[in-house]
Structure formats: structure tokens, C-alpha cells
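Open the model in your viewer and keep the selection tool at hand. This tour goes from one stop to the next.

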Amino acid sequence: MLPHSPFNRIQAPAKLNIRLKVIGRRTDGYHELVSIMVPVSLFDDLELEIIPQPGIMLTSHGLFVPDGEENLAYRAAQAFFSLTGIDQGLSINLTKRIPVAAGLGGGSSDAAHTLKALNDMFANPLSFKDLEGLAVRLGADVPFFLQCRPSIASGIGEILEPIENWPEFWYVIVTPPFQVSTSWAYDNLNLRLTGNEYASILETLEKGPFKVADFLENDLETVTSIRFPVIDTIKKSLMDVGAEGALMSGSGPSTFGIFISEDQALSAKRHLTPKNLGDVFAVAWVSKNAGDHDPLGSKE
Ligand code: ATP
């Protein structure tokens with residue numbers, strides 16, 4: 001099959017977990033969770049081009065990520081070609097800006113956006129349901145990035161309920177200079193019984209104006225912050241510069257504060273950068289079409 005368009009350039013945003021409660025462990029080793037996930041305006045760039053040579057060629061720039069088959073964007077392209085039976089050479093040019101193994105879901109976002117971009121380039125040979133099937137096999141966070149809008153994620157992350165009217169907060173993310181393996185964090189988690197997480201999140205959202213600080217809880221934070229106490233230092237620093245609340249995202253180590261306005265977020269960023277706690281980003285949430293547009297902008 002010939003491509004409808006031989007070139008596609010898209011942006012793959014990072015995510016933050018505003019709440020992450022682990023509610024059980026399945027026999028296959030995956031954990032069941034309930035999480036509020038929001039895509040934010042810190043982006044990797046992906047350029048996909050159909051080339052005459054056979055096979056998939058991935059080049060990356062910026063932060064270090066594995067090339068070739070170990071890269072999630074490569075694996076997504078492989079899965080797409082295998083399901084569609086399309087036999088074309090592809091070059092993927094990845095500019096990596098989202099810190100790696102940092103709780104920001106960059107690899108999953110690259111995978112989901114590669115699937116969407118290829119489906120576009122070949123005029124939608126796969127339905128959204130087919131793409132979801134491929135996504136969940138690539139990783140538990142990949143289905144979230146296919147939809148790419150504020151959502152309550154449950155199951156292993158693949159059951160997604162969009163949250164309409166998520167408030168337009170700003171976030172300041174601090175990523176200290178080390179990586180945390182997601183499987184290490186889950187392996188070290190002491191599962192405790194939680195109440196009906198899903199129902200209580202829905203109830204709070206439906207009741208009307210809510211305080212976002214009431215949502216901020218991450219079961220993995222205890223695990224990571226015991227091993228890396230700088231997480232608590234970052235949280236405290238974020239609160240000191242005016243955050244409404246602060247939390248570690250995913251399995252960390254990225255930790256973010258929530259701010260009501262862009263000015264407050266940019267001022268917090270200016271105060272935090274000289275403290276050398278890590279890389280500091282001021283971001284807003286981005287809408288579903290973040291891959292094509294950046295409605296609020298990634299300001300600094
Ligand atoms: P998660 O919480 O979903 O595990 P994370 O943000 O903590 O996400 P990622 O940045 O997605 O972690 O990286 C996880 C692992 O995947 C790293 O060990 C990295 O080497 C590998 N990886 C493969 N491809 C990519 C990619 N395109 N971008 C980032 N990491 C990738």
C-alpha cells in the first residue's frame with residue numbers, strides 16, 4: 001500500500017499523574033491502578049518519512065534513548081506494519097526532550113504518536129479500536145497517549161474515562177538528574193487496601209469546584225522518596241515558591257507543583273532553577289490534538 005502522505009511531523013507530549021493509587025496486583029504481574037493523568041506541554045518531536053530502503057531506521061537527538069528495536073517508537077512502527085501488512089521502509093527521526101525514565105511517560109507517548117502518525121500517513125487502515133489493541137501491548141501508558149486528554153485511567157491504565165473541563169492549571173516540573181525504573185518502584189511497593197478509588201474521584205469531580213490539592217496522592221512516591229529523599233526537598237521547595245500542592249509523577253523522580261496562573265508558574269521556575277535540584281519546566285495541560293497544535297504553548 002502506498003502512503004497517502006510520505007512525511008509526518010508530530011509532537012508527543014509528556015504526562016503527569018495528578019493522583020496514582022495502586023489497587024491490586026494481577027497474576028500476570030501487572031498492577032491495577034486508578035490514576036488521574038494529564039498530558040502537558042513538554043514535547044518530544046517525531047518526524048516520520050517513507051523511504052525507498054526496506055526496514056525501519058530510527059535516529060535520535062537530544063537526550064539519550066536506545067536506537068533500534070529497543071526504542072518504543074520503533075516497536076510501535078513494527079507493530080503497525082505487522083498488523084496492516086504494509087511493507088514500506090520508514091525513517092523515524094526522534095528529538096528527545098522529555099526526561100527518560102523520569103515518570104513523565106515519554107516512551108509511551110512516542111509509541112502512541114508513532115501509531116497515530118503512521119495511521120494518518122496511510123489514510124487510516126486501522127480503526128481506533130485496532131490502535132488501542134496495539135497500544136496496550138506496547139505498554140500500559142500507551143493507550144492514554146492515543147487519546148491524549150485529561151482522564152481517569154483504571155485497569156492497568158488502558159481503561160480511560162475523559163475528564164471534561166479539567167481546570168487550566170499550570171505545572172512546574174522538577175526532574176532531578178537520575179532515573180527510576182518503574183518495575184523497581186512497583187516491586188518495592190507495599191500494597192495496602194484502598195477504598196473505592198474510582199467512585200470517589202468521580203464523586204469529587206462531579207460535585208463541582210474542587211481543590212486539586214485534595215487529589216494529590218501517589219502510592220509510588222513513598223517508595224521512591226525513601227530511596228531518594230531529594231523528592232521531599234523538591235516538594236517543599238515547590239510549596240515555598242507558591243504551589244497549591246506538589247506531588248511526584250508516576251514512579252518518579254519528576255516532581256511537580258500546581259500553579260493557578262502562568263505568571264506564578266514562570267516566577268516559581270525562575271526561583272527554582274538556581275537551586276540546582278534538577279531540570280525545571282513550566283508547562284500547561286494540552287488538549288487532545290497536542291500532536292498537531294499546542295494551544296497553550298510550552299512557554300519556557
Ligand atoms: P513509565 O512510567 O511509563 O515507565 P517513564 O517516563 O518513567 O515511563 P520512559 O521515559 O518512558 O519512562 O522510559 C522508560 C524506559 O523505556 C527507559 O528505560 C528507556 O530507555 C526506554 N525507552 C525506549 N524507547 C524510549 C523512548 N522513545 N523514549 C523514552 N524511553 C524509551
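Select the ligand first: it sits in the largest pocket. Sitting there means that more than half of its atoms lie within 2 Å of the pocket's grid points. A pocket is an open set of points on a 1 Å grid over the protein atoms alone, where a 1.4 Å probe fits, with protein on both sides within 12 Å along at least five of seven lines.

This is a predicted model: local features need pLDDT of at least 70, side-chain atom pairs need 80 or more, and totals for chains, interfaces and linings use all residues. Residues are numbered from 1 along each chain, and side-chain values use heavy atoms, without hydrogens or water.

Helices are DSSP runs of H or I, at least four residues; strands are runs of E, at least two.

Zoom in on the polar contacts (N or O pairs within 3.5 Å). The side chain of K96 has an N or O atom 2.9 Å from a ligand nitrogen. At G107, a backbone N or O atom lies 2.8 Å from a ligand oxygen. In D141, a side-chain N or O atom is 3.1 Å from a ligand oxygen.

Last stop: A140, in the loop between α3 (128-138) and α4 (142-147). Which residues does A140 touch, beyond four places in sequence? Select I156, G157 and E158; touching means heavy atoms within 4.5 Å.

Key
A polar contact is a pair of N or O atoms within 3.5 Å; within protein, one must be able to donate a hydrogen and the other to accept it, and residues adjacent in sequence count only if both atoms are side-chain atoms. On a 1 Å grid over the protein atoms alone, a cavity is a set of points where a 1.4 Å probe fits but cannot get out, and a pocket is an open set with protein on both sides within 12 Å along at least five of seven lines; lining residues have an atom within 4 Å of a point.
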